[in-house]
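Subject: Structure handover

Hello,

Here is the structure I promised to pass on. Please look it over, then read my notes below.

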Amino acid sequence: MATTVHQPPQIDPQRLPDHGHSGNDGGRNLVPGDGGRRVALEYSPPPSSTAMWVVLYAITMMFAAFTSALIVRKGSSLDWRTFKLPSILFLNTGLLLASGVTLEVSRRRIAAFLRNLENKVRNPARWLLVTFFLGLLFVAGQYVAWSQLSAQGLYLATNPSSSFFYVLTATHALHVLGGLAGLGYVIRKLSKSSLRRSTLDATAHYWHFMDALWLYLLLLLWIKV
Amino acid sequence: MPDISAPAAQHQAPTSFIRKHVFSLDHKVIGKQYYALALLAALSGMVLSWLMRIHLGWTNARIPGLQWLSKNGAPGDVMTPEFYLQLMTMHGTIMVFFVLTTAPFAAFGNYFLPIQVGAEDMPFPRFNMMSFWVTFMAFLVLMLSFFLGDGPTLGGWTQYAPLNAVGAVAGPGQGLGVVLWATSIGLFCIGQLLGSLNFISTTLDLRVKGMSLMRLPLSAWAWFITSCMGLTAFAVLMPACILVILDHLAGTSFFVASGLVLNDQLVPHSGGSTLLWQHLFWFFGHPEVYIAIVPGIGIVSHVLMANMRKPMLSQRVIIYCMGALAVLSYMVYGHHMFVSGMNPISALAFSFPTLVITIPATITVLIWVFSLYGSRLRINSASLFALGFISMFVSGGVSGFFLAQPSIDIMLHATYFVVGHFHMVMGVAAMFGIFAGTYFWFPKMTGRMMNETLGKVHFWLSFVGTYCIFMPFHYLGMAGNVRRYSSFPEDYLQPLIPVHRLITIAALLTGAAQLIFVYNLVHSRFRGQSAPDNPWEATSLEWSTATPPPFDNFGGKHPVVYHDPYQYGVESSVGDYVMQASPEQVKSGQEEK
């Protein structure tokens with residue numbers, strides 16, 4: 001009687017993984033093996049970039065909800081009274097847009113600084129400080145706009161139009177304050193020479209998004225309020 | 001050959017008690033914290049449902065000690081109608097948010113998602129810690145409303161406007177109670193957004209070498225899809241909560257119509273839109289149903305394959321179906337508003353995708369059933385609860401076909417038929433998913449096995465019990481029994497009271513059966529048989545590390561992945577399976593295409 005002897009399966013412990021069947025391969029997060037300060041500084045671990053897009057998506061959904069609420073609320077009743085937007089808002093818009101430009105300037109300078117060109121770039125944080133200052137001015141300007149409106153007798157509960165104006169601008173201002181905190185963190189890290197490129201990039205994406213969001217809100221308020 | 005595994009040391013193991021067990025940055029501890037919170041919430045929600053059921057069966061029954069919970073709500077230990085509504089609101093809110101969202105998604109997801117992708121932790125451990133503690137605060141704020149003023153809100157977990165925005169004039173709990181409710185839910189949204197942020201980054205960025213997206217286990221896919229849904233849903237619910245709080249505290253009029261007279265008082269608001277709240281709420285509320293159930297689909301598939309000893313007919317189709325459920329869940333929310341005064345044409349527009357969403361759900365069930373066909377299923381507590389999940393998902397889903405059609409829904413809306421429908425498909429099915437996950441993963445989480453005999457007793461009592469509770473709900477609904485009534489003095493409802501009594505007895509017994517589970521959980525945690533690293537002979541990465549996993553999950557190394565997650569029913573050196581991290585070659589033709 002013949003017997004069948006099963007061969008034990010061959011195991012190759014040195015085998016490299018293939019790339020799976022579809023989708024991108026994993027393993028992108030592994031820290032480069034050769035180390036070194038320059039590599040560590042240039043190296044961008046992707047999670048902060050992914051996370052920033054996730055955050056921006058959530059903020060987009062939040063303001064989409066506010067926008068649809070505004071449109072439904074305006075369409076469903078007869079008590080909506082329009083008012084003229086305080087003109088300081090346009091000055092604030094200019095400040096915020098300028099801060100976007102200064103942030104880009106500082107990003108270029110910091111990139112050069114991180115490429116070990118320290119001798120050419122002195123004080124790379126200077127333009128970041130300018131950006132920070134412009135952001136602060138924007139928030140202060142929004143505060144002035146609120147006080148101008150309340151001086152006219154338009155408070156949060158006066159009319160749905162003013163309610164939405166305060167809710168939208170205040171929520172945006174809170175998010176700008178969050179961005180300022182991020183900028184402060186970047187400046188502190190830069191002064192300690194421990195700034196990661198990805199942190200700077202994520203903060204910059206957030207800040208530019210605040211710019212774009214404000215332009216959208218200004219347009220919405222200008223048309224609807 | 002280069003060393004392809006890389007050192008993993010994102011953060012150091014904590015030494016102090018507080019960092020280790022309280023404000024821990026470790027995703028495994030945070031997952032357990034979420035589980036404990038969900039267990040606490042589930043027990044509170046269950047006790048509330050007991051109180052409600054006793055009142056529905058025997059309206060004037062004295063419930064000893066009830067007065068202690070609320071002096072005004074239960075004078076002489078007899079429940080008032082208002083207090084019944086308050087208990088119902090809290091039962092719904094606690095169960096939907098703090099159990100069905102927290103346990104299958106936040107608890108198991110936190111513990112196992114990083115391990116299943118091969119990471120040593122989530123990318124943002126501090127946000128992760130915040131996510132739990134914010135959620136815990138949300139729970140405390142909600143429970144606080146039992147002890148302040150006139151008790152918690154009575155508006156139901158959906159908190160319809162204008163009742164949610166007019167203030168204390170609308171009844172007990174409608175002043176401060178609603179503010180606390182909205183604050184709690186707003187906080188909960190922040191917690192879940194922080195959690196989703198981590199889940200998405202973990203899945204996309206922290207996969208180890210060889211772990212392509214299609215090699216993720218189905219449970220990891222389910223958590224990833226759920227976090228995308230949560231991100232969209234909770235980002236919309238939060239502004240809605242902010243607007244409600246402003247209507248209360250700042251005197252705005254977002255949701256309160258003008259000229260509203262309540263309890264003979266003119267409400268000082270003007271021109272708000274009551275439908276606006278429903279739109280904002282259900283845009284969150286319907287996806288929330290899938291946030292509760294999709295992790296269950298993933299967990300059940302994961303558990304079943306380990307016990308069937310063969311892969312599903314198609315993992316890929318299940319992934320696509322979960323994705324389709326997620327996308328469609330945002331297009332169907334109007335079916336909650338068929339009788340809210342929406343344009344009939346928009347009702348039709350919402351009815352169509354509602355029927356379409358049953359297609360991916362049906363495909364998933366068919367894949368399960370046909371994969372089970374002919375398999376030699378290992379019967380244990382986890383696989384029994386997975387089968388129970390399928391049963392509940394089908395039984396509860398079938399009634400959805402009826403409710404999806406506006407003409408039928410006009411009759412059945414706000415009756416016990418709807419209550420039966422969502423309790424089965426969303427409540428009990430998701431709970432069974434949680435139980436399946438618990439029995440399956442408990443050995444990995446604690447290093448000890450659960451008692452199988454107690455687990456099987458728990459399953460059969462729960463399975464029969466929940467059918468006894470929720471099947472009669474459908475009958476009550478068709479007989480015209482409206483939900484949210486605290487008693488049934490009307491002539492046409494009186495003959496239904498015996499049915500309510502039957503349900504009450506079934507609910508008390510089924511609830512008591514859950515104590516077996518709690519006992520099993522606590523007893524096994526300390527006295528259970530110690531568990532090997534891979535007790536179920538399963539293949540995914542969580543089973544290739546030690547039990548319980550070390551602080552950095554894989555002992556200072558990143559594993560490397562060679563296979564699809566479910567290599568069961570193959571010839572190998574260890575048995576009939578090949579682990580994802582094993583470099584062993586699987587005979588060609590056996591690996592999933």
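Ala414(B) counts as partly exposed, with 13 C-beta neighbours inside 10 Å. (Buried means that 20 or more other C-beta atoms lie within 10 Å of a residue's own, exposed means 12 or fewer, and partly exposed is in between; C-beta atoms are placed from the backbone.) The phi of Ala414(B) is near 60 degrees, a positive value in a residue other than glycine. Ala414(B) sits in the loop between helix H13 (406–412) and helix H14 (416–446) of chain B. (Helices are DSSP runs of H or I with at least four residues, strands are E runs of at least two, and both are numbered from the N terminus.)

Some ground rules. This is a predicted model: local features need pLDDT of at least 70, side-chain atom pairs count only at pLDDT 80 or more, and totals for chains, interfaces and linings use all residues. Residues are numbered from 1 along each chain as its sequence is written, while chains are lettered from A and ligands numbered from 1 in the order in which they are written.

Another positive phi belongs to Gln159(B), near 50 degrees, again in a residue other than glycine. Gln159(B) is in the loop between H5 and H6 of chain B. Is Gln159(B) buried or exposed? Gln159(B) is buried, with 23 other C-beta atoms within 10 Å.

Now the cis peptide bonds. One joins Ala161(B) and Pro162(B), with omega about 0 degrees. Pro162(B) is in the loop between helix H5 (125–144) and helix H6 (176–205) of chain B. Another joins Thr547(B) and Pro548(B), with omega about -15 degrees. Pro548(B) lies between helix H16 (497–527) and strand E3 (567–568) of chain B, in the loop.

Next, helix packing. H4 (residues 81–117) and H7 (residues 218–249), both helices of chain B, pack at about 125 degrees, with axes 9 Å apart. (Axes are lines fitted to C-alpha atoms, for helices over the stretch in contact; angles run from 0 to 180 degrees between N-to-C directions.) H4(B) and H7(B) are therefore oblique to each other. (Under 35 degrees counts as roughly parallel, over 145 as roughly antiparallel, 65 to 115 as roughly perpendicular, and the rest as oblique.)

H7(B) also packs against chain A. Helix H2 (residues 47–75) of chain A meets H7(B) at about 45 degrees, with axes 8 Å apart. That makes H2(A) oblique to H7(B). The contact includes Tyr57(A) and Phe66(A) of H2(A), and Leu231(B) and Pro239(B) of H7(B). (Contact means C-beta atoms, placed from the backbone, within 7 Å.) By class, this contact has 15 nonpolar residues, one polar and no charged. (Ala, Val, Leu, Ile, Met, Phe, Trp, Tyr, Cys and Pro count as nonpolar, Asp, Glu, Lys and Arg as charged, and the others, Gly among them, as polar.)

Then the cores. The largest nonpolar core has 208 residues; Ala38(B), Met322(B), Ala429(B) and Ala436(B) have the most contacts inside it. (Such a core is a set of buried Ala, Val, Leu, Ile, Met, Phe, Trp, Tyr and Cys residues joined through C-beta atoms within 7 Å.) H4(B) gives the most to this core, with 23 residues. A second, separate core of 20 residues includes Phe113(A) and Trp207(A).

Last, chain A overall. Chain A has six helices and zero strands. Of its 225 residues, 32% are buried.

Best wishes

Definitions and conventions: Contact = placed C-beta atoms within 7 Å.
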